[in-house]
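Hi everyone, thanks for coming. Let's have a look at the structure together, and I'll talk you through a few parts of it.

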There are 2 protein chains.
Amino acid sequence: MLDYEHNFCRTSVMKMQGVKGTRDFYPPLMAVRNFIIDGWKAASLRNGFVEYDGPIFEYLKIFQLKSGDEIAEQLFNFTDRGGRSLAIRPEITPTLARMVNQKINSLPKPIKWFSVPRLCRAERPQKGRLREFFQWNIDIIGVDDVLADAEVIYTTVDYLREVGLRHHDVQVKISSRKLLATGLTNIGVPENQLDSLYTLLDKYTKLPRETFKEELSKQISNSVIVDKIVKLMGSTAVGEACKVLGLNSDVNCVQELARLYDILGTMGISQYCDLCPSIVRGLAYYTGIVFEIYAIGRELRAIGGGGRYDNLLGDFGGPDIPATGMGMGDCVLEILLREKGLLENAPAALSLDDFVVCLDSQFMTKAVEVTARLRMAGLASGFSYKGGSLKKQLKEASSANAKRCIIIGAEYDNGELVVKDMATGKQETVSEGRFWADLESRKG
Amino acid sequence: MLDYEHNFCRTSVMKMQGVKGTRDFYPPLMAVRNFIIDGWKAASLRNGFVEYDGPIFEYLKIFQLKSGDEIAEQLFNFTDRGGRSLAIRPEITPTLARMVNQKINSLPKPIKWFSVPRLCRAERPQKGRLREFFQWNIDIIGVDDVLADAEVIYTTVDYLREVGLRHHDVQVKISSRKLLATGLTNIGVPENQLDSLYTLLDKYTKLPRETFKEELSKQISNSVIVDKIVKLMGSTAVGEACKVLGLNSDVNCVQELARLYDILGTMGISQYCDLCPSIVRGLAYYTGIVFEIYAIGRELRAIGGGGRYDNLLGDFGGPDIPATGMGMGDCVLEILLREKGLLENAPAALSLDDFVVCLDSQFMTKAVEVTARLRMAGLASGFSYKGGSLKKQLKEASSANAKRCIIIGAEYDNGELVVKDMATGKQETVSEGRFWADLESRKG
């Protein structure tokens with residue numbers, strides 16, 4: 001078989017790699033992914049959310065419907081053999097809207113759902129932004145009170161705190177689309193220009209100040225309004241922003257923001273939260289409270305964000321029902337957790353209860369039997385395929401983080417096993433009968 | 001906004017469905033999926049496998065390389081903006097081979113890995129066969145002894161037994177590609193015809209006997225050989241098959257099969273396992289022991305299957321390193337578990353520790369505070385957005401499977417909470433201070 005073609009084939013496949021912007025989850029990286037996702041799931045359940053998921057691909061049109069041009073460009077789309085236009089999901093919100101609408105009458109309200117979808121974006125990979133990633137999503141559908149927005153923010157902070165990020169590590173920046181809409185129209189921005197303006201405002205921190213102002217001037221010809229918007233984006237307090245926008249503190253949207261902040265205080269998470277009028281969020285569908293989570297003092301993208309989207313279910317053909325939610329990807333979060341040393345808390349990829357060491361090939365059948373019986377008793381167990389000296393096999397047991405070693409050697413001529421505690425190093429010799437009886441009684 | 005276009009849009013999106021052959025995992029179905037996948041993961045870890053995963057899409061060529069025409073037709077493929085041909089993975093084995101080959105020198109051997117990939121196939125959906133599904137994969141790479149094949153089968157049976165399927169529910173049918181290859185060439189089948197013959201033999205149980213014989217005659221012109229193959233497929237014992245194939249019991253591949261069966265006996269799972277010479281497996285890459293798992297007495301597809309594939313890593317450009325593994329999808333398994341009533345063991349989608357009942361809107365802030373503090377203490381907790389009577393809120397607590405209710409009502413005028421045990425119905429009134437002190441001491 002060592003002909004030219006075979007050799008050529010070998011060389012070409014040898015270089016075969018995964019696609020750029022995707023990740024190969026070798027066991028150590030898989031353990032990190034599980035640590036992150038298990039934490040998300042636990043925080044969701046602790047806060048009373050139930051899990052759902054949709055398919056990895058949907059009809060293309062479901063994503064085109066409401067997500068704006070920017071998202072539509074970021075899809076992997078394809079056609080199936082029946083000629084249907086399909087796409088891998090870049091976000092789960094359209095699926096959520098579809099699923100909720102399909103069973104709107106039978107689902108108990110409010111709906112408190114979470115999901116950890118695998119998502120794909122057909123864009124150029126950058127730091128903290130890959131072509132395939134996982135995203136934690138929580139949503140409360142059917143509540144228009146800001147209490148629901150507060151609960152979404154609380155659940156987000158609950159996770160961050162649980163994973164070890166403190167209020168001087170991360171910050172939730174909170175604003176309101178209602179405040180922006182009311183204020184911007186108040187200073188003279190036409191209502192039909194708001195959506196395209198939000199897309200630009202969302203880029204404020206990513207663009208050089210001059211470029212931002214130039215782009216802004218292309219959208220808004222009146223230089224007085226432009227100056228006010230620039231001032232708005234630089235403001236760090238709600239009072240300051242209201243002054244720029246000419247809004248009094250008794251305006252509904254200002255009061256709502258104040259009430260939200262009160263509830264967050266009641267919940268005990270004010271330290272994590274800041275009102276920040278320049279937060280806009282890129283997506284067109286937000287209608288009320290919006291927020292983004294940032295690492296403090298780091299030049300990283302937002303760790304996550306969310307807000308209220310009261311019109312989305314209606315736009316997807318369902319009833320007008322209020323909704324609010326949050327999304328957090330795994331990429332930026334992982335970078336931050338790694339930098340803070342918090343991934344060291346991730347459980348090892350493999351942790352055996354028992355490792356069966358066989359020191360004489362004549363006892364290999366016994367070793368296999370013992371391992372199988374331990375597993376049947378619910379204990380994570382292994383043995384060595386390579387065999388070798390006691391030292392070598394103990395090393396293998398250590399690599400597998402085994403708590404105990406069951407050693408089958410010369411003692412087994414008398415029907416005895418040696419049980420070694422790997423933490424203390426202590427070992428004792430017990431008859432096999434006694435060994436199983438002990439295990440039985442421990443189970444009982 | 002109620003113009004014609006908006007109405008039209010509403011109507012058309014109202015009908016928006018998921019793509020046929022995919023599933024919407026509403027919370028009850030998601031709980032079933034988690035039950036199945038968590039069981040797979042637990043069985044893998046108990047048996048000493050570590051988790052890995054690859055990307056959901058790969059270069060198309062990686063799937064075309066070794067999987068045969070049948071698999072290549074079943075892909076969702078697409079082109080990215082850089083013109084690369086990509087495809088959603090229909091199986092994870094090519095990814096496994098790529099990943100292992102890329103780090104072959106640094107990975108400790110043997111490699112015992114598992115994964116639960118999401119996979120897609122572009123085929124017509126049928127019962128137990130969808131376009132999107134999950135598949136449990138376990139593989140042992142670097143061991144040529146049948147002991148590894150036995151461990152793969154043991155781990156499979158360990159899961160089936162744990163989930164409640166007994167040896168009269170499911171059966172592992174075991175054969176050997178080596179036995180088939182040796183025997184078939186022995187009766188006169190040319191070696192270069194074996195691969196296409198396997199594909200046909202694999203369809204034996206799915207085709208009417210006459211159609212099978214017709215198809216067989218198209219491949220093999222010699223009617224004596226055809227008759228022998230038909231007899232082989234009907235044989236239910238290794239001795240019988242060997243007789244048809246003219247093989248003695250001292251032939252290496254026959255002995256290997258006998259040894260495997262001995263080890264399965266040592267492991268205590270003979271009752272689940274049958275030697276069954278007609279098992280072939282469709283994929284071209286198997287080289288030794290092969291097996292399939294079936295529901296006994298049911299007209300279902302195989303629940304799973306696997307076997308030895310010693311050449312695959314070499315074919316993917318890596319070294320010649322032996323490997324054996326198993327794959328089990330969630331679709332047929334779920335049908336079987338449902339029929340046997342075993343999904344009733346699946347945990348509920350939501351199980352709260354505490355549900356905070358607020359009977360007076362003036363105490364809502366307190367209810368929110370109590371809920372947040374309970375969550376901070378690690379207890380899964382919720383409250384009612386809808387409020388209403390005690391009866392209504394207790395019902396809501398029951399739906400959330402709450403273990404306790406913390407009731408904030410008239411007693412709170414004296415700073416007291418009512419704690420109700422939802423299992424026993426017992427309730428006691430405690431001061432708020434005492435309530436938190438009790439919680440602290442329980443934690444300590």
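Let's start with helix 8 of chain B, residues 194-201, where the buried residues are L194(B), L197(B), Y198(B), L200(B) and L201(B). Looking down the axis of helix 8 of chain B, those buried residues sit within an arc of 160°, so they line one face of the helix. The arc is taken from the directions from the helix axis to the C-beta atoms. Buried here means under 20% relative accessible area, exposed over 50%, and partly exposed in between, with a 1.4 Å probe and protein chains only. Helices are DSSP runs of H or I with at least four residues, strands are E runs of at least two, and both are numbered from the N terminus.

Quick housekeeping: this is a predicted model, so local features need pLDDT of at least 70, side-chain atom pairs count only at pLDDT 80 or more, and totals for chains, interfaces and linings use all residues. Residues are numbered from 1 along each chain as its sequence is written, chains are lettered from A and ligands numbered from 1 in the order written, and side-chain values use heavy atoms, leaving out hydrogens and water.

What do the buried residues of helix 8 of chain B pack against? Helix 7 (177-186), helix 9 (209-219) and helix 10 (223-234) of chain B, with contact meaning heavy atoms within 4.5 Å.

Now the interface. Chain A and chain B each put 95 residues into the contact. Ten salt bridges cross between them, each a side-chain nitrogen of Lys or Arg within 4 Å of a carboxyl oxygen of Asp or Glu. One salt bridge joins D53(A) and R33(B), with the closest N and O atoms 2.8 Å apart.
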